[in-house]
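Please keep the sequence and the model in view while working through the points.

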Amino acid sequence: MQRAAGVLVVGGGPAGLAAAIAARKKGLPVTVADGAKPPIDKACGEGLLPGTLAALGELDVSIDHSDGQIFRRIRFIDGATFAEAGFTAESGIGVRRTILHEKMVARAEQCGVQLLWNSPVTSIVPDGAVVGGRAIQTRWVVGADGVHSRVRRWSGLDAGVRRQLRFAQRRHYRAKLLSDCVEVHWGRNIQAYLTPLAKEETCVVVISRDPSLRFDEALREFPTLASRLRNAELSSVQQGAVTATCKFNRVCRGNVALVGDASGSVDAITGEGLGLSFRQALALAEALKTGELRKYQAAHCWLARRPHMMARLLLLLDRFTPLRRRVLRAFASDEDLFARLLAAHVNETSPAFLAETSARLGWRLITA
Ligand SMILES: Cc1cc2nc3c(=O)[nH]c(=O)nc-3n(C[C@H](O)[C@H](O)[C@H](O)COP(=O)(O)OP(=O)(O)OC[C@H]3O[C@@H](n4cnc5c(N)ncnc54)[C@H](O)[C@@H]3O)c2cc1C
């Protein structure tokens, strides 16, 4: 029997839509099936870093200034210690998750992706998958079904994982608490981070390793922030999420490939999850076009290296308070050093630049 030529993407979140758009741009017929319906919301810090915006540009998804709030700087705060640095080249933007989703759905529709909402995928079969109780025949199945991916389990790609889980709660406040910067507040084993959004709104996420984390309890770690939020009105329903740092041995098998959080993820504190997903989607489309999924496997490993290194560093700062305070003091006394690390984080630099910056950080830590 001749196999269908198309791609079935399981999951119409950001990664699934990016994979669908990228595959359509390569001329492949694409269907996306998601158990939910748009606009799909999810607890997220809602910060799009410069590299994320560049990847969205490659997918022809345009996010304009009126969709959110531009930010050019990142501020770290730990008690009385305070360090701030700006991006060297581009800026980022804070955008409500629902707006990003709407934009990506519109682009997918425009380029001819078939979208099936309220359509959960319940199994995969050798020639495709069962979608909303109906078998769909397809050449490729792409698992973009998030951190708890069932496609990953069904296709036996779950092996070899070491997960670091943390637990997050997100609120939106109708208040302009920041102008052009994202703030990360560091407490004992807990962070709060604030992203400015459009319409005088701010996204606030708290994250910790404690699964019983409560938002208001978390704020007690940050009295100054709590007082800034005290009179601000909530503008959405609070949502929780798990954020995982994990890598899998393989992200493809047979006619199945994984993308986005389904294929492994980095902690939310990196602000890199969306950008990484979009870059994976672009690499996957290239491989689907030529039928060489092993090239995607190699590209996936390469793309994950820098975000995972940064996730390790940031999680180390979360675990070891004395180290974090030393690092923050080093950043506070040398803004250029913080700016260089930020540039490395958003991939604006070369390996030589990163090596030189690490040496400079090492020296500062000895002398801080
Ligand atoms: C608290 C928090 C803050 C974050 N902050 C940032 C940030 O500021 N910047 C950033 O870049 N990243 C951030 N991230 C990471 C980012 O949110 C994720 O990397 C991103 O959501 C991954 O997208 P995805 O499409 O892979 O998964 P998801 O967004 O989880 O989408 C998966 C989709 O699959 C669907 N689905 C699941 N199972 C099935 C099934 N069986 N059949 C059909 N459909 C199915 C779901 O309905 C869903 O729509 C944050 C994450 C968290 C948890």
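Valine 125 touches Val130 and Ala135, leaving out residues up to four places away in sequence. The place of this valine is in strand β9, residues 121–125. The structure is a predicted model, and the points below are grouped by topic.

**Valine 125 in its setting**

- Valine 125 has 13 C-beta neighbours inside 10 Å, so it counts as partly exposed; a residue is exposed with 12 or fewer such neighbours and buried with 20 or more.
- From C-alpha to C-alpha, valine 125 and glycine 271 are 35 Å apart in space, and they are 146 residues apart in sequence.

**The chain as a whole**

- The protein chain contains eleven helices and 21 strands.
- It is divided into domain 1 (7–64 + 94–162 + 245–312), domain 2 (165–242) and domain 3 (322–367).
- The centres of domain 1 and domain 3, taken over C-alpha atoms, are separated by 32 Å.
- Along its principal axes, the C-alpha trace of the protein chain spans about 70 × 45 × 35 Å.
- A compact globule of 368 residues would have a radius of gyration near 21 Å, and the 21 Å of the protein chain agrees with this.
- Among the 368 residues of the protein chain, 48% count as buried.
- Of the contacts in the protein chain with a separation of 6 or more, 74% are between residues 24 or more positions apart.

**The ligand and its surroundings**

- The ligand is surrounded by 41 residues, of which Gly11, Gly13, Gly45, Gly260 and Gly273 are the closest.
- Two or more residues of this shell come from each of α1 (14–25), β13 (164–174), β18 (239–247) and α7 (273–290).
- Helix α7 supplies the largest share of the shell, four residues.
- By residue type, the shell around the ligand divides into 17 nonpolar, 16 polar and eight charged residues.
- Why does the ligand lie between domain 1 and domain 2? Both domains give residues to the shell around it, so the ligand lies between them.

**The nonpolar core**

- In soluble globular proteins, nonpolar side chains tend to be buried together.
- Here the largest nonpolar core has 102 residues, and Ala19, Val142, Ala257 and Leu284 have the most contacts inside it.
- Helix α7 gives the most to this core, with ten residues.
- Apart from its neighbours within four places in sequence, valine 142 is in contact with Val7, Val9, Val10, Ala19, Ala257, Val259 and Leu284.

**Helix α2**

- Helix α2 covers residues 50–58, and its buried residues are Pro50, Gly51, Thr52, Leu53, Ala55 and Leu56.
- These buried residues pack against β3 (47–48), β7 (92–94) and α7.
- After α2 comes aspartate 60, which has a positive phi, near 60°.

**Helix α10**

- Helix α10, residues 335–345, is mostly covered, with eight of its eleven residues buried.
- Which residues of α10 are buried? They are Leu337, Phe338, Arg340, Leu341, Leu342, Ala343, Ala344 and His345.

Methods. Residues are numbered from 1 along each chain as its sequence is written. This is a predicted model: local features need pLDDT of at least 70, side-chain atom pairs count only at pLDDT 80 or more; totals for chains, interfaces and linings use all residues. A residue is near a molecule or strand if its C-beta atom, placed from the backbone, lies within 6 Å of it. Ala, Val, Leu, Ile, Met, Phe, Trp, Tyr, Cys and Pro count as nonpolar, Asp, Glu, Lys and Arg as charged, and the others, Gly among them, as polar. Domain bounds come from an automatic or database domain assignment. A nonpolar core is a set of buried Ala, Val, Leu, Ile, Met, Phe, Trp, Tyr and Cys residues joined through C-beta atoms within 7 Å. Two residues are in contact if their C-beta atoms, placed from the backbone, lie within 7 Å. The radius of gyration is taken over C-alpha atoms; the globule rule is 2.2 Å times the number of residues to the power 0.38.
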